[in-house]
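Student: Could you help me learn to read a protein model? I would like to go one feature at a time.

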Amino acid sequence: MLKLSPPADCASRCTAASWCSEEDLDKYGIHLLALSHVFLVPQLKLRCTKALVERLTNDNVVDVLQLARLCDAPDLHLKCMKLVSSNFKYVEKTEGWKFLQDHDPWLELQILQFIAETESRKKRRKRHREEQSLYLQLSEAMECLEHLCTEGCTSVGPSDVEPTKNKGPCSRFATCQGLQLLIRHFATCKMRVNGGCGRCKRMWQLFRLHSSICDQPDLCRVPLCRQFKLKAKQEKKDTDDGRWRLLVRKVVSAKAISSLSLPKRKREEEAGEMADHHGTRSLIRL
Ligand SMILES: [Zn+2]
Ligand SMILES: [Zn+2]
Ligand SMILES: [Zn+2]
């Protein structure tokens, strides 16, 4: 929709000098871009492209988008697409959009597709972030489980470790405490898995997950580790649980990523604190 043309003197001045003033750009940016494209004046074209990016608004974006496409200005084109996509609620009410719908349904379709792709990319990224945080939580739970079964922490620890040592709270106490509660429940629950207790089931899954990750089952202090390993070996011949293996792989890789970015558990600092938890300490004998 080129409604205004720049005065002839402005056009010839700018194309001849490959340059134009801010005032020219304000008034005739769109036309100068078209001229610079048609008359092959690359410096002027670059200047106009940048100026138009800075001057993009909800009201002019559809016009500029059409021009960017005609004048082969990919940066400007992309900027316009992004603005239309993020401000579509406003843009669809503009004259420019209505004009486009009537005269260029092909471009309309292209824009709508771009918006749909942007949305689904956003959703995918969000889902990925949520999944990563779940795997990271599981990987942290795995670390806490090993920590509880080897050195112990506040209220849970192995039966042969002197309870006056390493009683935490450790640096991941939020996770560790949740796990301690779960272990204490598991040790005393009457319903257990077959009885349909959800908490016990979760604990059972954590033990199984540990076993799938554990690479030293002979030295391992985590309950059921060897039993699960044995069972998995036997079952491998019959079934191949792809989903479970995928989960294990993701937890392992989340652990690898987090070990690069998080400081190691400060084990030395944990020792010697909270001596009064002695009495409530429950022992892992499952
Ligand atoms: Zn702990
Ligand atoms: Zn239970
Ligand atoms: Zn183990």
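Student: Of the 286 residues of the protein, what percentage count as buried?

Tutor: A residue is buried if 20 or more other C-beta atoms lie within 10 Å of its own, exposed if 12 or fewer, and partly exposed in between, with C-beta atoms placed from the backbone. Here 29% of the 286 residues count as buried. This is a predicted model, where local features need pLDDT of at least 70 and side-chain atom pairs count only at pLDDT 80 or more, while totals for chains, interfaces and linings use all residues. Residues are numbered from 1 along each chain as its sequence is written, and chains are lettered from A and ligands numbered from 1 in the order in which they are written.

Student: How many helices and strands are there?

Tutor: Helices (H or I, at least four residues) and strands (E, at least two) are DSSP runs, numbered from the N terminus. This protein has 13 helices and two strands.

Student: Which residues of helix 9 are buried?

Tutor: They are Cys176, Leu179, Gln180, Ile183 and Phe186. Looking down the axis of helix 9, these buried residues fall within an arc of 130° (taken from the directions from the helix axis to the C-beta atoms), so they line one face of the helix. An α-helix has 3.6 residues a turn, so residues three or four places apart point the same way. On the other side of helix 9, Ala174 and Thr188 are exposed.

Student: Why does Ser212 count as partly exposed?

Tutor: Ser212 has 19 C-beta neighbours inside 10 Å, so Ser212 counts as partly exposed. You will find Ser212 in helix 10, residues 198-213.
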